[in-house]
Amino acid sequence: MPQSNTRETILKAASHIVQSDGILELTLEATAKLAGISKGGLLYHFPSKEDLIKGMVSHLIQSYIDNIKKGAEQDTLDKGKWTRSFIKETFNQGSSNQEMNAGLLAAVAYNPELLKPIQEAYSEWEMKIEDDGLDKTNATILRLAVDGLWFSELFGLAPLSDDLRENVFNKLIQFTKEV
């Protein structure tokens with residue numbers, strides 16, 4: 001099995017454990033077993049539990065960063081493009097990447113310092129959103145609204161129906177073209 005596929009399998013197994021059994025059940029042994037590899041094989045890729053959680057966070061944030069940047073670059077309307085891209089990718093993360101969101105939960109529970117990469121990315125996005133041609137306060141409110149939805153979904157708080165979720169998404173995008 002290629003190395004990148006093994007890493008991906010390990011990260012998915014770790015995320016599954018956090019999502020289904022809770023952070024306290026995340027161990028290297030349980031992760032290796034679920035991934036179908038030896039503990040030594042897991043240790044080759046992630047020498048410690050902290051490295052495993054760093055990998056979970058890194059995996060989540062890298063695709064998030066890449067997709068937001070790509071979305072902004074492809075947006076044909078310059079005003080509000082970073083805000084729209086952030087909204088779109090955050091909506092996608094909330095609905096399609098529940099498993100990898102477990103990395104954030106694991107980092108918060110294990111060692112909040114492991115959230116540094118996402119904190120740094122958020123600082124950069126906030127600067128881009130504030131300098132996006134929209135009213136700075138309104139753009140920040142839009143970012144916070146979509147973050148609120150993401151965290152609500154992450155923690156299973158009052159989930160929205162698919163129709164309402166889609167309507168909220170469309171309204172937020174519309175606001176980026178009006179504010």
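This is a predicted model: local features need pLDDT of at least 70, side-chain atom pairs count only at pLDDT 80 or more; totals for chains, interfaces and linings use all residues.
Residues are numbered from 1 along each chain as its sequence is written. Local features need pLDDT of at least 70 and side-chain atom pairs count only at pLDDT 80 or more, while totals for chains, interfaces and linings use all residues; side-chain values use heavy atoms, with hydrogens and water left out.

The protein has 9 helices and 0 strands. Helices (H or I, at least four residues) and strands (E, at least two) are DSSP runs, numbered from the N terminus. The order of elements from the N terminus is α-α-α-α-α-α-α-α-α. Along the principal axes, the C-alpha atoms fill a box of roughly 55 × 30 × 30 Å.

Helix 4 (residues 49-74) packs against helix 7. Their axes come within 10 Å and cross at roughly 15°. Axes are lines fitted to C-alpha atoms, for helices over the stretch in contact, and angles run from 0 to 180 degrees between N-to-C directions. Helix 4 is therefore roughly parallel to helix 7. Angles under 35 degrees count as roughly parallel, over 145 as roughly antiparallel, 65 to 115 as roughly perpendicular and the rest as oblique. The crossing of helix 4 and helix 7 is left-handed. A left-handed crossing has the near helix turned anticlockwise from the far one by less than a right angle; clockwise is right-handed. Helix 4 contributes L60, I61, Y64, I65 and I68, and helix 7 contributes P117, I118, A121, Y122 and W125. Contact means heavy atoms within 4.5 Å. By class, this contact of helix 4 with helix 7 has 10 nonpolar, no polar and no charged residues. Ala, Val, Leu, Ile, Met, Phe, Trp, Tyr, Cys and Pro count as nonpolar, Asp, Glu, Lys and Arg as charged, and the others, Gly among them, as polar.

Helix 7 (residues 116-130) also packs against helix 8 (residues 136-154), at an angle of about 140° and with the axes 8 Å apart. Helix 7 is therefore oblique to helix 8. Their crossing is right-handed. Y122, E126, I129 and E130 of helix 7 meet K136, A139, T140, R143, D147 and W150 of helix 8. These residues comprise 4 nonpolar, 1 polar and 5 charged.

Helix 8 in turn contacts helix 9 (residues 162-178). The two axes come within 10 Å and cross at roughly 160°. Helix 8 is thus roughly antiparallel to helix 9. The crossing of helix 8 and helix 9 is left-handed. L142, A145, V146, L149 and E153 of helix 8 meet R165, L172, F175 and T176 of helix 9. The contact of helix 8 with helix 9 has 6 nonpolar, 1 polar and 2 charged residues.

The largest pocket holds about 170 Å³ of space. A pocket is an open set of points on a 1 Å grid over the protein atoms alone, where a 1.4 Å probe fits, with protein on both sides within 12 Å along at least five of seven lines; lining residues have an atom within 4 Å of a point. Grid points are joined across faces, edges and corners, and a volume is the space filled by probe spheres set on the points. The lining consists of L104, L105, V108, L115, I118, Q119, Y122, W150, F151, L154 and F155. Helix 6 (98-110), helix 7 and helix 8 each supply at least two lining residues. The lining has 10 nonpolar, 1 polar and no charged residues.
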